[in-house]
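Q: I'm new to this one. Can you put the model up and walk me through it?

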Amino acid sequence: MANIISARVKDRILLAASKSRGLSAASDTSGRRISMAEFGVRGSWRVLQTTLALYPRAIKWLLQRRQPTPKELRELFESLGATYIKFGQFIASSPSIFPKEYVDEFQHCLDQTPSLPFAKIRQIIEQDLGQPISAIFASIDESALASASIAQVHAAKLLSGEDVVVKVQKPGVQAILTTDMNAVYLLIRLFELILPNTDKDAVAGLVEEMYQSMIDECDFFKEADNLREFRKFLSESGNEVVVAPKPYTNASGAKVLTMERFYGVALTNEMAMSKGEFDPASSLFNALNTWFASLTKCPFFHADLHSGNLMIMPDGKVGFIDFGMVGRIQPEAWQAIFSLFMAISEQNYRLMAESMVSVGITRDKVDVDSLMRDIQSLFEGLNSLDPQRVLENRQGDGINALLSELGDIARKYGIRFPRAFTMLLKQFLYFDRYMELLAPGADIFQDERVDFYLN
């Protein structure tokens with residue numbers, strides 16, 4: 001059974017990769033034929049790495065006759081690298097599916113790895129772009145700005161003079177991903193044992209979404225397309241107050257993505273606000289209206305606009321950066337979710353309960369009166385969240401706790417929310433906290449500066 005599912009997972013991975021650019025399953029996204037010897041060596045090494053990391057821990061848990069703690073599981077995932085780190089981050093961002101103690105612990109799942117030597121980075125860039133690095137960049141900083149399991153980022157300047165950042169995919173990532181996904185079935189079995197209260201159908205769906213997300217993240221062509229799509233959305237809607245980085249096609253490929261470099265400060269930067277360099281409330285409403293518009297007028301919405309991903313530029317425009325986490329939602333679904341948001345704003349708990357039933361997926365008849373009483377108790381706790389604490393902590397512990405409790409209530413009534421809804425609600429709550437800090441007294445649903453773009 002495990003071998004059958006393993007083969008299916010591998011086939012779907014290769015199919016997804018080929019669909020993204022119309023390539024054969026034996027090619028990577030650059031069109032270069034994948035060496036089966038290269039894949040076999042990397043795959044075999046990956047199996048050995050995984051075994052060495054898992055075996056001693058598994059023996060320890062078996063001898064002690066106990067389940068791994070959330071912290072032990074999180075540390076294991078971090079030691080196993082890219083695939084498992086992403087899986088941990090999916091757990092952290094899915095409080096309506098997983099138990100609170102695991103959601104809380106996986107907030108600390110770090111995707112920070114040592115940077116590769118620049119000589120290796122140079123080799124990847126030149127191989128991917130097919131020309132010497134000096135033919136593309138006037139200069140490139142040999143020290144990485146950031147390094148994660150899938151890629152690392154360097155500052156650079158193009159020959160034409162533009163300041164850019166260069167995102168370079170680390171070698172062997174797709175081979176590791178394919179090998180790891182062959183173990184997904186075993187992971188699901190593991191979760192069935194250690195998380196007895198988990199919705200197993202949701203876990204299977206989450207795994208599928210996770211692997212597709214990672215396939216997308218490894219496809220720099222798609223990421224560049226997303227940037228162009230969002231910039232097109234801004235242009236066609238006449239939006240001149242929000243900007244997104246420009247991708248440079250002639251300096252990008254399957255494993256290299258070169259983007260415009262933004263210089264600015266975080267939306268909530270206290271020093272910039274105190275100097276009066278911009279009107280924070282006006283900037284917030286510009287960002288909020290753009291985000292609301294993207295829900296119905298763009299193929300996707302930015303799902304991780306914490307304060308570090310909203311930059312105030314020197315000219316006062318708001319920069320949306322880091323499109324690594326995006327969500328997609330149908331316009332009709334946004335209508336139902338908007339009703340839920342309105343219910344939250346108006347403290348209309350019956351409408352909130354009815355909207356939750358409408359948005360969620362359930363096979364059973366829900367006692368709306370009982371649900372109403374439970375969520376009334378839950379959302380009254382929203383007022384106790386300190387907005388400054390939420391903004392300073394990018395992991396959003398307070399918001400995640402709230403969403404975890406919402407997930408608990410949903411499971412109690414047999415309601416399962418689509419993950420896109422959880423992402424949407426979390427971002428909405430971020431904006432609600434920004435409002436309290438930057439525009440105190442303003443009502444997100446009543447303020448005339450807010451446009452929900454429902455049509």
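A: Here is a quick tour, topic by topic.

A: This is a predicted model: local features need pLDDT of at least 70, side-chain atom pairs count only at pLDDT 80 or more, and totals for chains, interfaces and linings use all residues. Residues are numbered from 1 along each chain as its sequence is written, and side-chain values use heavy atoms, with hydrogens and water left out.

Q: How many helices and strands does the protein chain have?

A: The protein chain has 18 helices and 11 strands. Both are DSSP runs, numbered from the N terminus: helices are H or I with at least four residues, strands are E with at least two.

Q: What share of the residues is buried?

A: Buried residues make up 51% of the 455 residues in the protein chain. Buried means under 20% relative accessible area, exposed means over 50%, and partly exposed is in between (1.4 Å probe, protein chains only).

Q: And the contacts, what percentage join residues at least 24 apart?

A: The figure is 67%, among contacts between residues at least 6 apart in sequence. A contact means heavy atoms within 4.5 Å.

Q: Let's do strands. Which strands does β3 pair with?

A: Strand β3 (residues 151–158) runs antiparallel to β4, with 7 bridges joining them. Strand β1 (residues 137–140) is also antiparallel to β3, over 3 bridges. Strands pair if DSSP finds at least two bridges between them.

Q: Which residues stand opposite each other there?

A: K157 stands opposite D163 in β4. K157 is also the bridge partner of S139. A146 stands opposite V153 in β3.

Q: Is β4 buried or exposed?

A: Strand β4 (residues 163–169) has 6 of its 7 residues buried, so it is largely enclosed by the rest of the structure. β3 is mostly covered, with 6 of its 8 residues buried.

Q: What else pairs with β4?

A: Strand β6 (residues 256–260) pairs with β4 in the antiparallel sense over 5 bridges. There, E260 in β6 is the bridge partner of V164.

Q: New topic. What is the order of strands in the open sheet of 4?

A: The order is β5-β10-β9-β7, with mixed pairing. β5 (242–243) and β7 (265–266) stand at the edges with a single partner strand each, so one side of each is left without a neighbour in the sheet.

Q: How does β5 run against β10?

A: β5 and strand β10 (residues 318–320) run parallel, joined by 2 bridges. V242 stands opposite V318 in β10. Helix α12 packs on the sheet, touching β5, β9 (310–312) and β10. The direction of α12 makes about 40° with that of β10.

Q: What angle does α12 make with α10?

A: Helix α10 (residues 220–236) and helix α12 (residues 280–297) pack at about 105°, with axes 11 Å apart. That makes α10 roughly perpendicular to α12. Axes are lines fitted to C-alpha atoms, for helices over the stretch in contact, and angles run from 0 to 180 degrees between N-to-C directions. Under 35 degrees counts as roughly parallel, over 145 as roughly antiparallel, 65 to 115 as roughly perpendicular and the rest as oblique.

Q: Which residues meet there?

A: F230, F233 and L234 in α10 meet T290, A293, S294 and K297 in α12. They divide into 4 nonpolar, 2 polar and 1 charged. Ala, Val, Leu, Ile, Met, Phe, Trp, Tyr, Cys and Pro count as nonpolar, Asp, Glu, Lys and Arg as charged, and the others, Gly among them, as polar.

Q: Last thing. Which residues have a positive phi without being glycine?

A: R65 is one of them, with phi near 50°. R65 lies in the loop between α2 (36–63) and α3 (70–80), and is exposed at 79% relative accessible area. D322 is another, at about 60°. D322 lies in the loop between β10 and β11 (326–327), and counts as partly exposed at 47% relative accessibility.
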